[in-house]
Amino acid sequence: MANIKFYKHEQIPLEMHKVKIVQELKLLPVDERLKKMTEAGFNTFQLHNGDIFLDMLTDSGVNAMSDNMQSAMLRADDAYAGSETFYRMKDKLTEIFGIKNCLPAHQGRACENILATRFVKPGNCVIMNYHFTTAKAHITRLGGHVEELVKDEGLVSKSDLPFKGNIDLKKLEKCIKDEGKENVSYIRLESGTNLIGGQPISYENMKEATKIAKKYGILTVLDASLLQDNLYFIKEREEKLKDKSVREITRMIADLFDIIYFSARKFGFARGGAILVRDDDLFHSMEDLIPMFEGFLTYGGMSVKEMEAMTVGFDESMDMNIISQGPQFIEYCVKKLDEYGVPVITPGGGLGAHLDASVICSHIPQEEYPAGALVCALYLCGGIRGMERGTLSEERNADGSERFASMELVRLAFPRRVFTLSQTEYVIDRVKWLYDHRDMIGGLKFVHEPKTLRFFTGILEPTSDWPQKLVEAYKKDFGEDN
Ligand code: F0G
């Protein structure tokens, strides 16, 4: 995909796969969508998938599997203990990452629970380039806190910097000194970042950050959930590594860390997770937590079929033809929206295209959740489901006041090998329409607000009848059935 050139046509992403099984989609009429959105409490997590035309909520567990992944599922070895499937998976991970100790877990946040439970004590700090919602929730649950030290440029929405997920090395050293090295449970680097636009971190930055960690004797943890996109960006953007293969780069990255964990709902294109631990003693000190929270040590809550599929998926994540598809579709979408003037995070990152709701909906105060409102408006005006990544996804401060997110984003995820370019064009078209009608979008307020991870189950309502008015404007341009 990465290198195929066109003759007369503009350069567009070209799929290096063909479709073998399809799922029919339907687009509910716009009035129906308003009804469904109201029933869902203006929270896109609460929508039913059957009521959605293009589901761009996430790439988690919804990437298309390959024929090789599906066929591998047939040889899954069912056993409570000692499944051959586990050993095949573990051997593949050892081959790729060079670490032989593997703790299976049912998904990424389960790995985060195990890590936090083992290492975080009340008053401890975990340093990160940027947090991820579930990673942070487990740490704060245990009385720890998170310090996010992404470089300032990572939070600038429009930019042409190649690695906006880099951690600020000066701040890192200062933070270790301020907190006291014995109070830092571990340093977690996320490659690439989820909440700030899927922006990658460079190999060089990971090397320098882990060097500092070693100097102070602090444990280093890599969250590799989004590694496949990050590998693509390192290969494309990091000059010094352009002649290295994806496998070589992966191994160079892995060699920097004590622990690597990932959600296999992303890395591996299946559903599951694992923690790889370099040191034998450390590994044994974590082992008992797996049967307690996940399942026996050779399945960790995963289905053996999924484990077989992800073992093939790990190999596919080392293939540039495969890992380029997400970032290239995202770049195409971001470029077209940017050309039209829609505020988007640039350069395009991994995971999805990110709309900058703080600019698009600058008329909505942050306490009325501009990104939450924009994501609902996009479902109304196109049946497209995105995800709010802003203040709604934060938790309140201890005193009950809002903790305003540093960025107000709407994420339009591109699950791998799922959507075609014409569907991408439809998304671009509807976002343009909404952008031209942005002044009609109003705020949201909570009706029911859970204390933890409120964005999953919270129920909201609009602050006025703006959804009805927006739908009327939409019908004028597209009719009742669109
Ligand atoms: N780390 C990162 C960087 C993630 O993006 C995710 C999940 C996790 C950890 C947790 O993994 O879902 O398997 O428990 N991100 C999903 C998303 C939920 O939609 O961005 P999980």
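**Chatting through a predicted model**

Trainee: So, how many residues surround the ligand, and which are the closest?
Mentor: There are 15 residues around the ligand, and the closest are Thr-58, Gln-107, Gly-108, Arg-109 and Ser-263. Keep in mind that this is a predicted model.

Trainee: What does that shell look like by class?
Mentor: Nine residues of the shell are polar, four are charged and two are nonpolar.

Trainee: OK, switching to H3. Where does it run, and how many residues does it have?
Mentor: Helix H3 covers residues 84–97, so 14 residues by the DSSP run. From first C-alpha to last it reaches 20 Å, close to the 20 Å expected at 1.5 Å a residue.

Trainee: Which of its residues are buried?
Mentor: In H3 the buried ones are Thr-85, Phe-86, Met-89, Lys-90, Leu-93 and Phe-97. Looking down the axis of H3, they fall within an arc of 130°, so they line one face of the helix.

Trainee: And what do the buried residues of H3 pack against?
Mentor: Two of the partners are helices, H9 (246–254) and H12 (304–316), and the others are strands E2 (101–105), E7 (259–263) and E8 (273–277).

Trainee: What follows H3?
Mentor: Gly-98 does, with a positive phi near 75°.

Trainee: New topic: Phe-257. Where does it lie?
Mentor: Phe-257 sits in the loop between H9 and E7.

Trainee: Why does Phe-257 count as buried?
Mentor: Because Phe-257 has 23 C-beta neighbours inside 10 Å, and 20 or more is the cut-off for buried.

Trainee: Which residues is it in contact with?
Mentor: Setting aside neighbours within four places in sequence, Phe-257 contacts Thr-210, Thr-220, Val-221 and Leu-222.

Trainee: What about His-354, buried or exposed?
Mentor: His-354 is buried, with 30 other C-beta atoms within 10 Å. Its place is in strand E9, residues 352–356.

Trainee: And what does His-354 touch?
Mentor: Not counting residues up to four places away in sequence, His-354 touches Gly-197, Val-344, Ile-345, Leu-409, Val-410 and Arg-411. His-354 and Cys-333 are 21 residues apart in sequence, and their C-alpha atoms are 9.7 Å apart.

Trainee: Last one: how do H1 and H16 cross?
Mentor: The axes of H1 (residues 30–39) and H16 (residues 370–380) come within 9 Å and cross at roughly 145°.

Trainee: Which residues meet there?
Mentor: From H1 you have Val-30, Arg-33, Leu-34 and Met-37, and they meet Cys-376, Tyr-379 and Leu-380 of H16. By class, that contact has six nonpolar residues, one charged and no polar.

Methods:
Residues are numbered from 1 along each chain as its sequence is written. This is a predicted model: local features need pLDDT of at least 70, side-chain atom pairs count only at pLDDT 80 or more; totals for chains, interfaces and linings use all residues. A residue is near a molecule or strand if its C-beta atom, placed from the backbone, lies within 6 Å of it. Ala, Val, Leu, Ile, Met, Phe, Trp, Tyr, Cys and Pro count as nonpolar, Asp, Glu, Lys and Arg as charged, and the others, Gly among them, as polar. Helices (H or I, at least four residues) and strands (E, at least two) are DSSP runs, numbered from the N terminus. The expected span of a helix is 1.5 Å times one less than its number of residues. A residue is buried if 20 or more other C-beta atoms lie within 10 Å of its own, exposed if 12 or fewer, and partly exposed in between; C-beta atoms are placed from the backbone. The arc is that of the directions from the helix axis to the C-beta atoms. Two residues are in contact if their C-beta atoms, placed from the backbone, lie within 7 Å. Axes are lines fitted to C-alpha atoms, for helices over the stretch in contact, and angles run from 0 to 180 degrees between N-to-C directions.
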